[in-house]
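I opened a notebook for this structure. The entries below keep to what I looked up.

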Number of protein chains: 2
Amino acid sequence: MGKGTVVMKFGGTSVADAERLKRAAARIVRKREEGYDVVAVLSARGKETDRLIADAFEVSETPDPREMDMLLSTGERISCALCAMAIHDLGQEAVSLTGSQAGIVTDTSHTKARILDVRADRIFEALGQGEIVLVAGFQGVSTDRDVTTLGRGGSDTTAVALAAALGADVCEIYTDVPGVFSADPRIVPDARKLDSVSFEEMLEMSASGAGVLQLRSVEYARNHGVRIHCRSSFDESTGTIVVSEQETMENPLITAVTHSTGESRVTLQGVPDTPGAAGRIATVLAEANVNVDMIIQNEPVTEGQRADMSFTVPRDDLRTAREALEPLCDELGIAAIVSDEAMGKVSVIGAGMKTHPGVAAKVFTVLGEEGINIEMIATSPIKISCVVAADRVPDAVRALHSAFELSGEDTIRVEEPFGGSAA
Amino acid sequence: MGKGTVVMKFGGTSVADAERLKRAAARIVRKREEGYDVVAVLSARGKETDRLIADAFEVSETPDPREMDMLLSTGERISCALCAMAIHDLGQEAVSLTGSQAGIVTDTSHTKARILDVRADRIFEALGQGEIVLVAGFQGVSTDRDVTTLGRGGSDTTAVALAAALGADVCEIYTDVPGVFSADPRIVPDARKLDSVSFEEMLEMSASGAGVLQLRSVEYARNHGVRIHCRSSFDESTGTIVVSEQETMENPLITAVTHSTGESRVTLQGVPDTPGAAGRIATVLAEANVNVDMIIQNEPVTEGQRADMSFTVPRDDLRTAREALEPLCDELGIAAIVSDEAMGKVSVIGAGMKTHPGVAAKVFTVLGEEGINIEMIATSPIKISCVVAADRVPDAVRALHSAFELSGEDTIRVEEPFGGSAA
């Protein structure tokens with residue numbers, strides 16, 4: 001039809017029941033009727049993936065990864081087949097494709113495969129015949145011809161990868177919120193929907209608790225220059241566009257405050273100051289599949305003394321982390337493992353921060369004025385994260401959102417930076 | 001291992017829950033440990049297919065057949081992936097394959113595809129590596145590269161087709177009964193488990209109500225010389241072997257009595273005796289997808305007069321049949337459509353019948369002595385079927401089973417045929 005190609009991605013909640021699935025189908029059909037070539041990527045319905053995982057663990061305590069992929073990949077296929085049926089009823093032609101049929105070629109790392117290539121011949125063929133193409137998200141076929149999955153949230157990555165391969169105008173990610181917000185609206189009622197964010201900001205936001213977009217898909221989009229439009233599946237309003245930094249008109253000093261409340265802190269007391277000790281600890285945790293976030297080690301005051309090492313892990317991984325580390329106590333002579341379950345993290349993110357010092361100082365001051373103790377700190381050029389007690393996270397988010405004046409119509413722009421200097 | 005190849009097929013009830021699935025896995029592993037190369041074909045779990053069908057009809061009143069196949073094919077994949085996990089836990093290597101990966105190539109008739117070719121390279125490869133191969137039953141890939149399904153019960157056909165392609169020693173069909181019986185044991189408590197039946201007999205039995213084996217798979221096995229062993233998934237006892245007639249030592253006069261109670265009879269009164277009327281009626285029913293079994297038309301006594309035509313249909317199709325035929329009444333000038341819902345069918349089957357007249361006479365006599373009215377009769381060289389009132393079917397089965405002395409250790413052999421002559 002010559003109006004270009006659009007990739008639309010619908011998550012599990014958007015196809016959870018017959019009514020929602022038909023609504024997604026109607027939305028896809030409207031886009032087609034506007035004259036676009038349409039490729040839609042769907043996730044598994046609602047709790048389908050959880051059900052399949054439960055089935056697997058009922059049969060085996062350690063399900064084989066290759067078979068896990070074969071099992072889980074069925075969820076998205078079901079969504080696509082059902083959606084194609086609904087689209088037919090609305091008078092458009094549609095064809096559902098598995099990840100394999102869609103040409104999503106991955107490596108052989110089952111349950112966490114990486115996309116190596118997108119061989120979209122079959123999609124082009126179907127689009128050429130005027131068909132809407134529905135692609136099962138989250139999955140591909142490995143170079144060994146086995147079904148693979150991309151890990152949880154992988155459907156976003158499928159959508160972005162297809163948008164890149166098809167040269168799509170935009171990759172629309174439909175979700176149950178209207179876009180990306182300056183803070184979680186459940187905590188900050190006057191949080192502002194952002195019209196646009198840069199890839200870099202979005203990466204930091206995804207990494208620090210904003211659940212809207214999957215980190216990896218944002219990375220893929222940045223690397224391949226794919227324009228993401230993150231929007232509501234419930235109305236027609238414009239959502240948030242994720243664009244490269246050059247495209248943003250001006251860099252806001254602070255774009256958003258993100259948070260998470262599901263962190264735990266582990267402190268290893270009396271770690272010997274010998275080469276390799278830290279490496280040994282990190283290796284053990286990686287082998288146990290524990291995702292370590294912040295790591296802090298205080299230097300021993302005098303040589304040969306012992307140091308304390310602290311790090312944060314998702315609360316769900318705390319037990320695994322402790323169990324993995326316990327054998328190391330003897331091996332390395334660590335004095336004790338101390339953990340603090342109920343930790344959270346609050347982060348301020350903004351591309352303008354790069355060129356404007358003083359943001360960190362303001363963050364610390366604001367939290368201090370609220371009587372919130374900062375346990376750990378981590379920074380990047382466009383982000384400052386503070387670990388605080390989990391029950392103080394909402395206060396911290398509200399205080400920072402307010403101090404940086406993120407509600408209202410406009411964010412603070414770099415042209416009028418907020419004062420303060422030391423960092 | 002050089003001991004030959006065995007194909008094992010497990011139905012939906014044999015993999016319905018985790019416990020049964022593990023039991024099937026253990027059985028597969030034992031066969032492998034005996035030294036065989038093992039290919040197992042699995043059906044979808046318990047009510048999985050019904051659930052998927054319900055999901056489809058919730059979304060669309062007329063689900064697209066291609067998408068229906070994409071949807072339904074997931075059920076068997078789930079079974080195979082889960083079973084592979086269970087087999088790994090038992091210490092054997094296993095790999096699950098979709099119908100497509102297993103090389104089951106079909107035509108493009110969605111929801112009722114026919115197998116065109118089995119390209120078993122990938123199976124041979126896996127067997128060569130010592131792996132147990134699990135193949136998703138009931139499905140294949142079309143020459144258009146789309147997922148197809150073979151129709152209900154198609155997993156039997158998958159198993160037989162693979163056994164043929166792999167040159168397997170035997171295709172074992174595991175089921176919840178110990179084999180094929182001389183009559184339904186629920187009706188005839190002393191029904192005998194048959195050690196062997198010929199393909200021809202099994203075909204007639206499958207077609208006339210014996211639910212153990214799917215008609216089409218028996219046909220495929222006969223055409224490709226595949227030995228079927230139909231046996232219990234609950235114990236190790238030998239079941240029933242389906243073999244070619246040459247292999248059976250001697251032909252029993254009567255092998256079994258089969259029945260069905262879900263028939264309805266439709267009678268079209270006053271069908272004009274014009275060429276094409278019967279063809280028109282049959283076409284209308286075929287287009288409505290109604291499976292017509294017996295058809296009887298009485299000849300008009302004098303030329304130009306009208307005839308009555310009767311046929312049986314599955315009771316579930318009665319309404320559809322009537323609705324399809326009603327427009328024909330005006331078109332052809334049929335006087336009335338009369339239907340009788342509660343009909344059944346009882347059949348006696350035996351390869352020995354071919355060379356021994358008198359069987360029909362005995363059947364009619366036995367039923368007459370029981371006071372059971374025969375409504376319609378159909379015969380083949382090795383089968384006599386009588387339509388009777390549904391509520392008399394159990395009596396008819398018991399009377400015939402007893403009259404032909406089918407219980408006990410031996411069936412009546414053709415060497416000592418039972419008397420009677422007219423037929």
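Entry 1, terms. I count angles under 35 degrees as roughly parallel, over 145 as roughly antiparallel, 65 to 115 as roughly perpendicular and the rest as oblique. Axes are lines fitted to C-alpha atoms, for helices over the stretch in contact, and angles run from 0 to 180 degrees between N-to-C directions. Helices (H or I, at least four residues) and strands (E, at least two) are DSSP runs, numbered from the N terminus.

I noted that this is a predicted model, in which local features need pLDDT of at least 70 and side-chain atom pairs count only at pLDDT 80 or more, while totals for chains, interfaces and linings use all residues. Residues are numbered from 1 along each chain as its sequence is written, and chains are lettered from A and ligands numbered from 1 in the order in which they are written.

I looked up helix α6 (residues 199–207) of chain B and helix α7 (residues 215–224) of chain B, whose axes come within 9 Å and cross at roughly 165°. α6(B) and α7(B) are therefore roughly antiparallel to each other. Their crossing is left-handed (the near helix is turned anticlockwise from the far one by less than a right angle; clockwise would be right-handed). Contact here means C-beta atoms, placed from the backbone, within 7 Å. On the α6(B) side I listed F199(B), M202(B), L203(B), S206(B) and A207(B), which meet L215(B), V218(B), E219(B), A221(B) and R222(B) of α7(B). The residues of this contact divide into seven nonpolar, one polar and two charged. For these classes, Ala, Val, Leu, Ile, Met, Phe, Trp, Tyr, Cys and Pro count as nonpolar, Asp, Glu, Lys and Arg as charged, and the others, Gly among them, as polar.

The axes of helix α5 (residues 154–166) of chain B and α7(B) come within 8 Å and cross at roughly 10°. α5(B) and α7(B) are therefore roughly parallel to each other. From α5(B), I noted that D156(B), T157(B), V160(B), A161(B) and A164(B) meet R216(B), S217(B), Y220(B), A221(B) and H224(B) in α7(B). I put five of the contact residues down as nonpolar, three as polar and two as charged.

Helix α10 (residues 359–369) of chain B packs against helix α11 (residues 393–403) of chain B at an angle of about 130°, with the axes 10 Å apart. α10(B) and α11(B) are therefore oblique to each other. The crossing of α10(B) and α11(B) is right-handed. I found K362(B), V363(B), V366(B) and L367(B) of α10(B) meeting A396(B), A399(B), L400(B) and A403(B) of α11(B).

How many residues of chain A are in contact with chain B? I found 24 residues of chain A in contact with 24 residues of chain B. α3(A) gives the most to the side of chain A that touches chain B, with 13 residues. That side divides into 13 nonpolar, four polar and seven charged residues.

A rotation of 180° with 0.1 Å of shift along its axis superposes chain A on chain B, with RMSD 0.1 Å (least squares on the C-alpha atoms of residues with pLDDT of at least 70 in both). That is the relation of a two-fold axis. Of the residues of chain A, T74(A) comes closest to the rotation axis, at 2.8 Å (C-alpha).

How values were computed
Two residues are in contact if their C-beta atoms, placed from the backbone, lie within 7 Å.
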